[in-house]
Amino acid sequence: MPSSGPLERKIARESAARKQAEMLLEQKSLELYNANQQLKLVLSQLEIQNLRGLKKLEFESYISESLIHFGRAFLTRILDDGLLSSFVERLSACSLIKAVNLCLVEDVLPTVISNQFGANELCPESPLAIVSQRSTALPLIWQDQTIRLPLKVDHQLIGELSATIDLSDIDAEFIASQMTLVVELLCSAISRQLIVVKNQQARKRAEESERATKEFVAMINHELRTPLNGLLGSAELLSDTMLNNEQTQLLTNLTHSGDLLRHIINDLLDFSKMSAGMMELFPTRFAWLDLKNMLNGIFSPKAQEKQVYFLIEESENMPVAFMADFERISQILVNLIGNAIKFTSEGKVEVSAQWHNEMLQVSIKDTGCGIPEKSQAQLFDPFVQADRTTKRSFEGTGLGLAICKNLVELMNGQIEFSSEVGVGSQFKIQLPLQIAQELAASDAAVDARRESKSLDSLSILVVDDIRMNQIIINQMLKKFSIVPDLADNGLEAVKIAEAKEYDLIFMDCRMPEMDGFEASTYLRSHHYVKPIIALTAGTTLEERERCIESGMDDILTKPYTAADLKAMIEKWA
């Protein structure tokens, strides 16, 4: 039929269009499938990366927390086996770390006994073998999943930290950076502990050295002063006997040499005590007039002998008495005035004192030879003299001014000088002293009413193990019509004192069998109440305190004179 042609063509066109649409749909479906597959792949990769990031963050957080915790612990606690074990256990508890081992060389720290902590199978070699292997090795080593990091302190290899770690989801470089921080903290803690140990050892050595120095000074003090007591005591007793002119001259030479030896010994011992930090001050109440009279008594004869005018004067506002170390102030002035007279061949030596701004100000001015300018800078240095040549005219150790300066500074004072060659020198000292209160009228009345025995009626016991000292003190006491009983040691003294009552006991400190400290302690514990006076060559604070703590009432220092002995008896008996 004629109308069928257009219809067929229409059907054919629709069929072709449908096939083309189906092909386009199939193509788009394939593209969508491929995109979906690619998206799944990307999501899978993102999930893996996110998992790795989380594990990395978790590992980093765990290591940071461990470092903070043990950083504080290492600063506040001693690094010992317990702390190192806790440190290794904390690292092993991390989910990515399978095992940890810390290996140290032996005796790296005195506070650490063991040298293996953690999983020993990671470190089968000995610490010394590790050090030997590490001598040319890299800073860190990976063996499969085990990282080995060296421990270095002061450029010395002291051990190794090993750790087996799960590397499936985290890169080795990041693990190495975090474990390096752990090793750095550990090395810092060991280094700090080594410094602490070294400081403790140095302090212990210093304390032992100081103790040895104090013991040496106390020993040499006793060994030098004891024979000096016999020498000067014998010379004093000999002066009371009938002597011809030649013997008198020899005795004068002996006394002068003994006094010079005493001065040298005192200077050397005082300087040793100052160097060892053992010099102490012992404040007592003393009158300015007593100090002035003592200085006049010492130096007026010497000045007259040299035909040098000598004068001591004080201001009108000078306090009557002070509370200070009389012996040390005397030592300063004796040294300065003695030097002034020694170096002045003609002219005068003037000592002027005044009280100003709560300080005792003393000036010693002479018309002596003066001090060369080149020698002035080192004048207060020990063992230094202005004239060091073998032809020098003046004897001495060169310690006097050094000791004066140390004593003045110990009293928080000042010392200064000015000098001109051929004109003379002037030394000035300023000492902040405390003014002593006047004795109360009631106390003075009690002192005035106090009954005192005559010296010849006193019963005295002398305890000394050295025969020479017994003879000296026995002869000195005879000058006051006193015949003492004698004991050779503390044990004898205790037996004698229990059998007989004494007004006074002179007790030597260092004796065999029972020393003076033990004897005094025993007597006081058995209710002995009479005065006990220490006879000692020791001048250190420790020995003085020990005398008082053992029950002794006072101290008579060797070498002593008959006048010193009498003053002590009158004070206590």
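Me: Why is Cys369 called partly exposed?
Reply: Cys369 has a relative accessible area of 38%. Buried means under 20%, exposed means over 50%, and partly exposed is the range in between (1.4 Å probe, protein chains only). The value for Cys369 falls in that middle range, so it counts as partly exposed.

Me: What should I know about the model before going on?
Reply: This is a predicted model, in which local features need pLDDT of at least 70 and side-chain atom pairs count only at pLDDT 80 or more, while totals for chains, interfaces and linings use all residues. Residues are numbered from 1 along each chain as its sequence is written, and side-chain values use heavy atoms, with hydrogens and water left out.

Me: Is Cys94 buried or exposed, and what makes it so?
Reply: The relative accessible area of Cys94 is 5%, so Cys94 is buried.

Me: How many disulfides are there, and how do you know?
Reply: A search of the whole structure finds 0. To count, a pair of cysteine sulfur atoms must lie within 2.5 Å.

Me: What makes Glu236 and Lys479 a salt bridge?
Reply: The closest N and O atoms of Glu236 and Lys479 are 3.7 Å apart. A salt bridge is a side-chain nitrogen of Lys or Arg within 4 Å of a carboxyl oxygen of Asp or Glu, so this pair qualifies. Glu236 lies in helix H4 (residues 172-239) and Lys479 in the loop between helix H11 (467-478) and strand S15 (485-487), so the pair ties together parts that are 243 residues apart in sequence. Helices (H or I, at least four residues) and strands (E, at least two) are DSSP runs, numbered from the N terminus. Lys479 is partly exposed, as its relative accessible area is 39%. There is a network here as well: salt bridges link Glu236, Asp240 and Lys479.

Me: How many salt bridges are found in the whole structure?
Reply: The search gives 13. One of them joins Glu409 and Lys405, with the closest N and O atoms 2.5 Å apart. Both residues lie in helix H9, 4 residues apart, about one turn of the helix. Glu409 is partly exposed at 42%, and Lys405 is partly exposed at 28%.

Me: Why is Glu501 with Lys530 called a salt bridge?
Reply: Their closest N and O atoms are 3.0 Å apart. Glu501 sits in the loop between H12 and strand S16 (504-508), and Lys530 in the loop between helix H13 (516-525) and strand S17 (532-536), so this pair links distant parts of the chain, 29 residues apart. Glu501 is exposed at 59%, whereas Lys530 is partly exposed at 23%.

Me: Which residues form a negative surface patch, and what makes it negative?
Reply: The members are Asp465, Asp488, Glu492 and Glu513. Lys and Arg count as positive and Asp and Glu as negative, while His and the chain ends are not counted, so these four residues make a negative patch. Patch residues have over 30% relative accessible area and no salt bridge; like charges are joined within 9 Å, and nonpolar side chains (Val, Leu, Ile, Met, Phe, Trp, Tyr) within 5 Å. Glu492, in helix H12 (residues 490-499), has 31% relative accessibility and counts as partly exposed.

Me: What makes the phi of Asn357 stand out?
Reply: Most residues other than glycine have a negative phi. Asn357 is not a glycine, and its phi is positive, about 55°. Asn357 lies in the loop between strand S9 (348-356) and strand S10 (359-366), and it is exposed, with 57% relative accessible area. Asn412 also has a positive phi, about 60°, although it is not a glycine. Asn412 is in the loop between helix H9 (400-410) and strand S11 (414-420), and is exposed at 65%.

Me: What kind of peptide bond joins Lys558 and Pro559?
Reply: Most peptide bonds are trans. The bond joining Lys558 and Pro559 is cis, with omega about -5°. Pro559 is found in the loop between strand S18 (554-557) and helix H15 (562-572).

Me: Why is Gln434 called exposed?
Reply: Gln434, in strand S13 (residues 434-435), has a relative accessible area of 54%, so it is exposed. Its C-alpha atom is separated by 5.3 Å from that of Met323, 111 residues apart along the chain.

Notes
Accessible areas come from the Shrake-Rupley method with a 1.4 Å probe; for residues, only the protein chains shown count as cover. The place of a charge is taken as NZ of Lys, CZ of Arg, CG of Asp or CD of Glu.
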